[in-house]
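Subject: The two-chain model

Hi,

Here is the model I promised to send over. Have a look at it first, and then read on for what turned up.

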Amino acid sequence: MNALGARLAILDRSGKPTRISRSVATALALALVAVIAWLDYFTGDFSLAVFYLAPVVVATWYAGRSTGWFIGLLSAAAWLLADQTASHGGGELLRPYWNAAMLALTYGVVTHLLTALAQLQAELRKRIEVRTASLTEVHHRVKNNLQIISSFLTLEAEKLTNAADKAVFSECRDRIYSMARLHEQLYSSGELSDLDFGAHLREMAEMLVHSHTPPGCSLALEVRADPVAMDLDTGVTLGLIANELLLNALKHGFDGRSEGKLTVELRAGNPNQMSVRDDGRGLPPEFDPRSEAGLGIDLVRGMARQIGAEVKIENAPEGGTRTTILFPSLAPRRPDPTTKL
Amino acid sequence: MTNARILIVEDEAITVAALKRELTSLGYEVAGTSGATDEALKAVELHKPDLVLMDITLSGGINGIIAALAIRGNFHVPVVFLTAHADERTMKRAVNAGAFGYVLKPYSGAGLKAAIETALHKHHTEIESRASGLAC
C-alpha cells in the first residue's frame with residue numbers, strides 16, 4: 001500500500017494528501033468499481049465481491065472515510081445491479097438485496113478499520129517526530145555542554161606554565177572530543193542505539209597522532225579496523241580506553257626516536273579484540289603487567305572491568321609493546337520503545 | 001593565512017573566551033566578538049573582519065544561518081559555522097546559505113584551523129576568479 005501511495009499520493013507539508021491526490025484516488029476507485037462490476041456482470045461470480053474491497057481501500061486510504069463509505073455503497077449497488085441483470089434463474093427474491101446490504105456493511109467496517117489505522121499511523125508519525133526532535137535537542141545540548149567543559153579546560157590550562165601540566169589538560173580535551181564524536185556518529189547514523197566503533201577508532205587514532213606525535217619524530221600510523229557495532233555506553237568506555245592506550249603509546253613508545261610506527265587493530269569476533277602496538281623498545285624486563293600500578297593502567301583496568309573486558313600488556317613478537325583489550329561481542333542494545341524522554 | 005582578522009559570533013561567554021585564546025595561539029587576530037545575530041551584522045560593518053566564526057543558534061531575532069546570508073550578501077565576508085548541530089538538515093541549510101566551513105562543537109584546534117584556512121583560501125579564489133571574469 002505504501003508503494004502504491006508513493007505513486008498516487010501527493011502530500012502537503014504536513015504529510016496529508018492534497019486535493020489532487022484525493023481526486024485521483026476517487027477517480028481510480030470509481031474506475032475499479034466499473035471494471036469489477038463489468039467482470040461481475042459477465043461471470044456472475046459471487047466471489048468477485050471480494051475484489052470490490054480494492055477500490056474501497058484506495059478511496060478510504062487516500063480520500064478519507066466518507067469517500068470510502070461512498071465507494072463501499074456504490075460497490076454494493078454495482079454488485080446488486082450486476083447480479084440482478086446477469087441472473088436468469090428464479091431463486092429467492094430478497095436474497096440479492098440481503099447480500100448487497102451485507103456487502104455494504106462489510107465495506108463500511110473495512111472503511112472504519114482503515115480510517116482508525118490511518119489515524120493511528122498519523123499519531124505514531126507525530127510521536128516519532130516529537131521524539132526525534134527531543135533527541136536532536138538532547139544531543140545538541142550534550143555537545144554544547146561538552147564544548148563548555150572543553151573551553152574551561154582551555155582557559156585553566158592558560159594559567160599553567162609547565163608544559164607537562166598543560167599536556168594533561170590537552171589530553172582531557174582530547175577525551176571530551178572523542179566522546180562528542182561518538183555522540184555525533186550515533187546521532188547521524190540514524191540508528192540511535194548502534195554505532196560503528198571501527199570508524200570511530202580510526203578517526204580518534206588519526207586525531208591523536210596529529211596532535212600528540214613527539215616532536216622530531218616521523219610517525220607512521222596503521223589502522224586495521226573491522227566494523228564492530230555497539231551501544232553508546234560500551235562505545236564511550238571503549239573509546240576512553242583506546243584514548244588512554246594511544247596517548248600512552250605516543251608518550252612512551254617513541255621517546256627520543258626520529259621515526260616509528262603505531263599500529264591500531266580492531267578485530268571482530270568472539271571476543272572482539274582491540275590492540276595498540278608501538279614498535280619501540282618494549283616493556284622493561286622488571287615489568288609485571290599483573291602487579292603494575294599507576295593511574296593510567298588502573299583506569300584502563302577499571303574501565304575494562306566495566307564492559308567485561310580483559311587487558312593484556314605484552315612485548316609483541318614483531319617488537320615493541322602491545323596492549324590488547326578483549327571484549328565480549330555484545331548485540332547492540334535496542335532502545336526501549338516504552339521509555340519516555 | 002595567519003594574521004587574518006576573525007569576528008567571533010557566539011553567545012556562550014566561556015566558549016568565546018576559549019576561542020579568543022585558541023585563535024590567537026593559532027596566529028589569528030580576533031577582530032571582535034558578538035553574542036547576537038543582529039549585533040553581528042553591525043560588528044561586521046564596524047570591524048571589517050576577514051572571516052566570521054559563528055554559532056547557528058543565537059539570540060537576536062534571526063538565527064545564524066539567516067545572519068550568514070546577510071553577511072555574505074552585504075559584506076562579502078566568508079562565514080564558518082561553529083555549532084553543535086550535526087544533523088543533515090541543518091548542515092544542508094548552512095551549505096545553502098553559502099557557508100565556507102562547518103566546525104562541530106566541541107572543536108579541536110587542528111580542525112578549527114583547517115576550516116578557517118580552507119574558508120579563507122576559497123574566499124580568495126572566489127575573489128580572484130571574479131576579478132579575472134570582470135577583466136575578460
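Reading along the sequence, chain B runs β-α-β-α-β-α-β-α-β-α, which comes to five helices and five strands. Helices here are DSSP runs of H or I with at least four residues, strands are runs of E with at least two, and both are numbered from the N terminus.

Some housekeeping before the rest. This is a predicted model, where local features need pLDDT of at least 70 and side-chain atom pairs count only at pLDDT 80 or more, while totals for chains, interfaces and linings use all residues. Residues are numbered from 1 along each chain as its sequence is written, and chains are lettered from A and ligands numbered from 1 in the order in which they are written.

Chain B, the sheet

The five strands form an open sheet in the order S2-S1-S3-S4-S5, with parallel pairing (two strands pair if DSSP finds at least two bridges between them). S2 (29-34) and S5 (101-104) of chain B are at the edges with a single partner strand each, so one side of each has no neighbour in the sheet. From one strand to the next, the twist averages 20°.

Which way do the side chains of S3(B) point, and are they buried or exposed? Leu51(B) and Leu53(B) point one way, Val52(B) and Met54(B) the other, and all are buried. Buried means that 20 or more other C-beta atoms lie within 10 Å of the residue's own, against 12 or fewer for exposed and partly exposed in between, with C-beta atoms placed from the backbone. Across the 136 residues of chain B, 41% are buried.

Chain B, two helices

H2 (residues 37-47) and H3 (residues 64-75) of chain B pack at about 20°, with axes 10 Å apart. Axes are lines fitted to C-alpha atoms, for helices over the stretch in contact, and angles run from 0 to 180 degrees between N-to-C directions. H2(B) and H3(B) are therefore roughly parallel (under 35 degrees; over 145 is roughly antiparallel, 65 to 115 roughly perpendicular and the rest oblique). Residues meeting there include Leu41(B) and Val44(B) from H2(B) and Ala67(B) and Ile71(B) from H3(B). Contact means C-beta atoms, placed from the backbone, within 7 Å.

In chain A, H5 (residues 95-158) and H6 (residues 163-188) pack at about 170° with axes 9 Å apart, which makes H5(A) roughly antiparallel to H6(A). Among the residues making this contact are Leu146(A) and Leu153(A) of H5(A) and Phe169(A) and Ile176(A) of H6(A).

As for the interface, 22 residues of chain A are in contact with 16 residues of chain B. H5, H6 and helix H7 (197-212) of chain A are the elements that give two or more residues to that side, and H5(A) gives the most, with 13 residues. By class, the chain A side has nine nonpolar, ten polar and three charged residues. Ala, Val, Leu, Ile, Met, Phe, Trp, Tyr, Cys and Pro count as nonpolar, Asp, Glu, Lys and Arg as charged, and the others, Gly among them, as polar.

Cheers

Note on methods
Contact = placed C-beta atoms within 7 Å.
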